[in-house]
Structure formats: C-alpha cells, structure tokens
Amino acid sequence: INGHTPTDNWNEHRNINCTWIIEVDEDKIVELRFTLFDIEVASNCNADYVAIYDGPSKVGYPLVGKYCGRVPPAFVRTTGRYMTLEYITDYYETKVI
C-alpha cells in the first residue's frame with residue numbers, strides 16, 4: 001500500500017478523521033512500515049495522530065500504538081489478517097513551512 005493524505009494544502013488537513021481497514025488473505029498478517037512521517041507533536045499525541053489497531057475495528061481490538069511527530073513508528077505487525085489505521089487531526093495548524 002502506498003498512501004498519503006489527499007492534499008498538501010495544510011489548511012485542508014484540519015479536523016480530519018480518516019479510517020482505513022486493511023485486510024489480507026486468511027493465512028496472512030499485515031505488516032506496516034512508514035517511509036515518511038510528519039505529524040504535529042503534542043503531549044500524548046492528543047492533537048494530531050495516527051492510531052494503529054490489531055483488528056478490523058478500533059472498537060474491541062487492541063491499540064498497537066498512537067503516533068505523532070517526525071519519527072515514524074517502528075515496523076508494525078498484526079497478529080491476524082486485519083489492521084485498522086486511524087488518522088486524526090484537530091483544527092489548529094502548527095506546521096511550519
């Protein structure tokens with residue numbers, strides 16, 4: 001999977017709530033590695049963040065991690081065939097260009 005947010009216009013990155021559910025064949029697991037990562041830094045990643053869940057939903061499945069900042073999370077692997085990614089941003093723009 002190769003992906004990015006829909007636009008590089010930072011004004012359009014406010015109040016975003018995107019969720020992706022990745023599903024692979026039954027006998028496989030999902031492995032995720034970020035090559036670029038640049039999300040607003042905040043205490044406990046409570047402003048803008050990417051959350052990764054080990055399952056087909058964020059409800060009832062373990063949170064693998066919640067990430068923000070410029071350092072990508074380590075290689076992430078699920079225990080089964082599903083991974084849920086959630087990308088959340090608040091209203092405030094803190095990106096310095």
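**Fold and strands**

Along the sequence the pattern reads β-β-β-β-β-β. I note that the model is predicted, that local features need pLDDT of at least 70, that side-chain atom pairs count only at pLDDT 80 or more, and that totals for chains, interfaces and linings use all residues. Residues are numbered from 1 along each chain as its sequence is written, and side-chain values use heavy atoms, with hydrogens and water left out.

**Totals**

I computed burial next: 34% of the 97 residues count as buried (under 20% relative accessible area, with exposed over 50% and partly exposed in between; 1.4 Å probe, protein chains only). The protein exposes about 6800 Å², of which carbon and sulfur atoms supply 50% (Shrake-Rupley method with a 1.4 Å probe; for residues, only the protein chains shown count as cover). Taking contacts (heavy atoms within 4.5 Å) between residues at least 6 apart in sequence, I find that 73% join residues at least 24 apart.

**Strand β6**

Which strands pair with β6? Strand β1 (residues 17–23) does so in the antiparallel sense over seven bridges, and strand β3 (residues 49–53) does so in the antiparallel sense over five bridges; pairing requires at least two DSSP bridges between two strands. Leu85 in β6 is the bridge partner of Trp20 and also stands opposite Ile52. Strand β6 itself (residues 82–88) is mostly covered, with six of its seven residues buried.

**Tyr49**

I then turned to Tyr49, which lies in strand β3. Tyr49 has a relative accessible area of 15% and is therefore buried. Beyond its neighbours within four places in sequence, Tyr49 is in contact with Ile39, Lys66, Tyr67, Glu86, Tyr87 and Ile88. Ile39 is ten residues away along the chain, and its C-alpha atom is separated from that of Tyr49 by 6.5 Å. Lys66 lies over the face of Tyr49, 4.3 Å from the ring centre (NZ of Lys or CZ of Arg within 6 Å of the ring centre and within 35 degrees of the ring normal).

**Aromatic pair**

How many aromatic pairs are there? I count one aromatic pair, by the rule that rings of Phe, Tyr and Trp (its six-membered ring) pair if their centres lie within 6.5 Å, with planes under 30 degrees apart stacked, over 60 edge-to-face and the rest tilted. The rings of Phe34 and Phe37 have centres 5.1 Å apart and planes at 75°, so this pair is edge-to-face. Phe34 counts as partly exposed at 21% relative accessibility, whereas Phe37 counts as buried at 9%.

Definitions and conventions:
Helices (H or I, at least four residues) and strands (E, at least two) are DSSP runs, numbered from the N terminus.
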